[in-house]
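Hi,

Here is the model I promised you. Have a look when you get a moment; my notes follow below.

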Amino acid sequence: MDALSAFSNPHKFMAVSKPFAWGFTGLGIAIVIWGVYQGLYVAPADYQQGDAAKIMFVHVPSSWLTLFIYAFMTGASFISFVWRSPLADICAKSCAPIGAAFTFVCLVTGSIWGRPMWGTWWEWTDPRIVSVLIMFFFYLGYLAIWNVMETQQKAARAAAILCLVGAINLPIIHYSVEWWNSLHQASSFLSDKSTTSNAYKWPMYLTFSLGYLALFGGLTLLNMRAEVYKRRTEALMQRKMAFG
Amino acid sequence: MLPELVKYAPYIYSAYGIAIAVLVGMVIWSVLRIRHAKKKLDALEAAEAPPKAGSQ
């Protein structure tokens, strides 16, 4: 209950979040460095895909993070929209650039893997690829709203509505490979269909997922702290202008 | 000291390179952002601080 209280009050949040922000960021960097070393130097080539399967180690976890971060943002946006919690909208806003970055990594690494494996960089008729691209645009749109609205209150509400609308895309992305004919292979999570047979697959997916997750946690907390500082600065400046 | 990835080396290095560049960029951006925000707030708070007792 204390932890919940700390993460709903900006003052308490600032008091407790610093070690978590830097700790998770450091942990994430260390795990990703370890993952890159394991992926490039230790993991053997796949018997079907050859060394190209190594691209999956960075691609698949980034696709999971893309969905996870958007779902997390949706939860924060819902809390912000219904209860008008300032820390919830700070949280959603801080997640967005990180989610956009992971979506970019997912799209680009998938495209690079697709060239040698499918013979194409991009396939516009593929529902999985296009729905993830739409999710990327939702992230960018969300960030754009925060930059164009006149007040924080208006921006928070408009951004929360956009985020909640975009959540419709989450099940579409997940089930797109089952609902429609897709070049993209079936879901890797909780199934073992159509993916690399590399014995290092799951340990590598787990390593990169943990690294990405720790980075997401650390960087979100850092960005939340920066946003709280920014809002305090703006409040002080407004007070200065009002009272001289 | 790069590993010998015979067939798909350009694809693998591009994918890892872009992923690492984006992650490093995110970390640098976040660290610079918080430092800048903290510095700005500290400067404003220092300017707002009441004068010390007896300084008049």
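Predicted model: local features only at pLDDT ≥ 70, side-chain atom pairs only at ≥ 80, totals over all residues.

Leaving out residues up to four places away in sequence, Trp121(A) touches Ser111(A), Gly114(A) and Arg115(A). Its C-alpha is also 8.4 Å from that of Gly110(A), although eleven residues separate the two along the chain.

Next, the contact between the chains. Chain A puts 34 residues into it and chain B puts in 25 residues. On the chain A side, the elements that give two or more residues are helix H2 (10–42), helix H3 (53–83), H4 and helix H8 (201–243). Of these, H8(A) gives the most, with twelve residues. And what is that side of chain A made of, in terms of nonpolar, polar and charged residues? It divides into 23 nonpolar, five polar and six charged.

One last stop is H3(A), which is also on the list of elements touching chain B. H3(A) has 31 residues and runs 45 Å from its first C-alpha to its last, close to the 45 Å expected at 1.5 Å a residue.

Cheers

Note on methods:
Residues numbered from 1 in each chain as written. Chains lettered and ligands numbered in written order. Contact = placed C-beta atoms within 7 Å. Helix = DSSP H or I, 4+ residues; strand = E, 2+ residues; numbered from the N terminus. Nonpolar A, V, L, I, M, F, W, Y, C, P; charged D, E, K, R; others polar. Expected span 1.5 Å × (residues − 1).
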